[in-house]
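Visitor: I am new to this structure. Please pick one part and take me through it slowly.

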Amino acid sequence: MLEIKNLSVKVNDKIILNNFNLTIKDREIHALMGLNGTGKSTICKVLMGDLDYEVTSGSITFDNQDLLKLDTTNRARLGIFLINQNPPEIEGVKNSEMLKIAVESIKGKHLNAFEFANLMNKVCEEACIDKSFIHRGINENMSGGERKKNELMHLFVLEPKLVLLDEIDSGVDIDNLNVISNSLKKYFENHDCSFLIITHHTNILNKLKPDYVHILKDGSICETGDYLLADEIENKGYNRTNNVRKKNNYE
Ligand SMILES: Nc1ncnc2c1ncn2[C@@H]1O[C@H](COP(=O)(O)OP(=O)(O)OP(=O)(O)O)[C@@H](O)[C@H]1O
Ligand SMILES: [Mg+2]
């Protein structure tokens with residue numbers, strides 16, 4: 001589905017990613033961990049086509065298409081979706097207004113008010129999201145945790161194929177984290193999709209059981225393992241010396 005090859009990226013003349021490689025196949029869950037400032041969010045921004053991030057070399061293909069030739073809108077149309085580490089507030093635009101236009105564009109047909117309300121009610125029940133979110137402004141005046149849930153609602157409505165979750169667990173209380181993890185698990189089971197989960201914690205990974213856990217260091221993946229690697233990192237930190245796993249052994 002997604003193939004990132006020898007990708008190098010700079011922002012403001014600073015090289016962040018250097019020969020970064022990652023392949024995500026259909027129906028796989030990958031987790032990406034690493035110290036603060038190593039470039040995890042940068043990967044998400046580059047995948048979505050953020051123009052602040054300059055790709056200096058390498059390639060990204062998604063479903064055999066050259067992603068680097070497409071703008072953000074067309075990447076989203078292919079089914080790539082990001083829940084930002086800090087979801088932005090879009091003042092004056094309601095979730096319902098944005099989602100109705102987006103769904104109509106995806107389905108290629110007009111939805112009347114009744115059909116759209118039915119869809120939104122179904123989504124909120126499925127994703128365990130309070131229905132009051134439907135008519136609120138996009139992340140407007142929402143707490144950090146509420147924003148994550150609001151973006152989760154977008155995910156369930158838009159039904160993307162590649163889901164990028166940039167610290168969806170940060171700033172979320174334990175009860176809501178369990179709700180969010182269960183909703184994501186349900187989404188994964190019911191859709192033909194893949195996940196890239198960026199996290200600093202094991203809680204969400206224990207629920208979603210990633211196929212691969214990668215560690216990002218010095219601009220590329222320095223180590224790959226299964227979800228037990230995340231436990232090891234949480235217990236011992238990134239500077240542990242007992243480094244038994246091989247680089248990129250998932251390939
Ligand atoms: N738009 C930007 N302008 C300047 N520097 C940037 C920009 N975006 C990212 N950086 C720098 O690039 C580096 C990587 O940032 P990034 O946000 O990808 O880190 P991260 O791995 O997601 O960290 P964290 O775990 O704290 O979220 C950091 O040093 C950051 O300051
Ligand atoms: Mg980040």
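**Helix packing**

Guide: Helix H3 (residues 95–107) packs against H5 at an angle of about 20 degrees, and their axes are 10 Å apart. H3 is therefore roughly parallel to H5. The terms come next. Helices (H or I, at least four residues) and strands (E, at least two) are DSSP runs, numbered from the N terminus. Axes are lines fitted to C-alpha atoms, for helices over the stretch in contact, and angles run from 0 to 180 degrees between N-to-C directions. Angles under 35 degrees count as roughly parallel, over 145 as roughly antiparallel, 65 to 115 as roughly perpendicular, and the rest as oblique.

This is a predicted model: local features need pLDDT of at least 70, side-chain atom pairs count only at pLDDT 80 or more, and totals for chains, interfaces and linings use all residues. Residues are numbered from 1 along each chain as its sequence is written, while chains are lettered from A and ligands numbered from 1 in the order in which they are written.

Back to the pair. H3 and H5 cross in a right-handed way. (A crossing is left-handed if the near helix is turned anticlockwise from the far one by less than a right angle, and right-handed if clockwise.) H3 brings Asn95, Leu99, Ala102, Val103 and Ile106 to the contact. H5 brings Asn150, Met153, His154, Val157 and Leu158. Residues are in contact if their C-beta atoms, placed from the backbone, lie within 7 Å. By class, this contact has seven nonpolar, three polar and no charged residues. Ala, Val, Leu, Ile, Met, Phe, Trp, Tyr, Cys and Pro count as nonpolar, Asp, Glu, Lys and Arg as charged, and the others, Gly among them, as polar.

H5 also meets H4. Helix H4 (residues 113–127) packs on helix H5 (residues 144–158) at about 120 degrees, with axes 10 Å apart. H4 and H5 are therefore oblique to each other. Their crossing is right-handed. On the H4 side stand Val123, Cys124, Glu126 and Ala127. They meet Leu152, Met153, Phe156 and Val157 of H5. This contact holds seven nonpolar, no polar and one charged residues.

Look again at the H5 lists.

Key: Two residues are in contact if their C-beta atoms, placed from the backbone, lie within 7 Å.
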